[in-house]
Each structure stands twice: as C-alpha cells, then as structure tokens.
Amino acid sequence: MTRRLFLAFLPAALVAGCGFQLRRHDGIPFATLYLDAPAGGAVAQRLRSSLVANRRTRLVASAEEADAVLHLGQESRSKTILSLSGAGRVTEYRLRLALRYSVSGRGGTALAAEETIELTRDLTYDDAQILAKAAEENLLYRDMDETAALRIVRRLQALKPGNGS
C-alpha cells in the first residue's frame, strides 16, 4: 500500500521540484489599464475578465487615469465554404476571426504599433447533424476568442512602459 502511495505522489513531486508553474497573467507592466473596445465584442469580454482576475493591473473607467490604453478594433467573423461533395453539398467550412489592436501610453504615445490577429478553424459539416455542427461552430468561435485574448495579454506582458517595443 505504501509503495502505491509513493508511486502516486512521485510524478507530483517531480513536477513541483522542477519549478513548473501554470501560465499566469502576472507580468503586465502597468498598474492601470483602460480597455477601449467596441461594445459587445467577445474578445473584449474575455480580455476584461482576464484582466480583472489579474490583481496587479486594475482596469479604469477612462483613458486619462490609465498608465496604458489598449485599443481594440471591431472583430470580424466570417464563414466560407472550404469544400463541396460530389453532389454539391457543403462538407467543410472555414471559420475566421480577425481583430486589430494597439497599445498607447499616457499622452497617446505608441507603446505597441497596431497589429492584426487572424485565426482560422476548419469545420466539417453534415446536413444530418445540424444542431451538433452549430454547437461545434460556437465552440470553435469561443476558442478563437480565448486564443486572441491570450495573445493580446502576452503582448501586454512583453511591453516595457515608455518603450515602443
């Protein structure tokens, strides 16, 4: 019994001993941040919740009281046909999310030039599974929203205040 217990805890001890830590959003170098985003954007909502969970950076209500301003452009979503069957029915779609963003400091100085995030996911399609495929499409869009928000957070972590990197 003690041998089984030892073998069960061995992997956990090895992982803890090597300094492994889950990815966190602690390294954003701004005490305050203003999120300038169009209303109703899914990526903006994900960013907001991620930044609120980060206790080191506080979201503020206006750009004047912020150390940095994160400007998000309008999210663009599209769904295009990727392939057709021999009978002319859709068998695959390509989902796309595109979003532009930039970061500026106090006084409007550019801390990060405008960048574009483009994400795509391929979705197989079957007329016999319409509800399941609609749910899968929503899941893929949510995954792209989360990926875009994480990329922006990582970009914020890499910035140095007062430096246009």
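Let me begin with I152, which is buried, with a relative accessible area of 0%; buried means under 20% relative accessible area, exposed over 50% and partly exposed in between, using a 1.4 Å probe and protein chains only. The model is a predicted one, in which local features need pLDDT of at least 70 and side-chain atom pairs count only at pLDDT 80 or more, while totals for chains, interfaces and linings use all residues. Residues are numbered from 1 along each chain as its sequence is written, and side-chain values use heavy atoms, with hydrogens and water left out.

I152 lies in helix 3, residues 130-158. Helices (H or I, at least four residues) and strands (E, at least two) are DSSP runs, numbered from the N terminus. Setting aside residues up to four places away in sequence, I152 touches V43, L47, L70, L72, L99, Y101 and I117, where contact means heavy atoms within 4.5 Å. E115 is 37 residues from I152 in sequence, and their C-alpha atoms are 9.7 Å apart.

I turn now to the core. A nonpolar core is a set of buried Ala, Val, Leu, Ile, Met, Phe, Trp, Tyr and Cys residues joined through side-chain atoms within 4.5 Å. The largest one has 30 residues, and V43, L47, L70, L72, V103, I152 and L156 touch the most other members. At least two residues of this core are supplied by each of strand 1 (32-36), helix 2 (42-53), strand 3 (68-72), strand 5 (90-105), strand 6 (110-124) and helix 3. Helix 3 gives the largest share, eight residues. In soluble globular proteins, nonpolar side chains tend to be buried together.

L47 is in contact with L35, L70, L72, A149, I152 and V153, leaving aside its neighbours within four places in sequence.

How is strand 3 placed, enclosed or open? Four of its five residues are buried, so strand 3 is largely enclosed by the rest of the structure. Two strands pair if DSSP finds at least two bridges between them. Strand 3 pairs with strand 1 in the parallel sense over four bridges, and with strand 5 in the antiparallel sense over five bridges.

E137 is buried, with a relative accessible area of 16%. Beyond residues up to four places away in sequence, E137 touches K79, L95 and L123.
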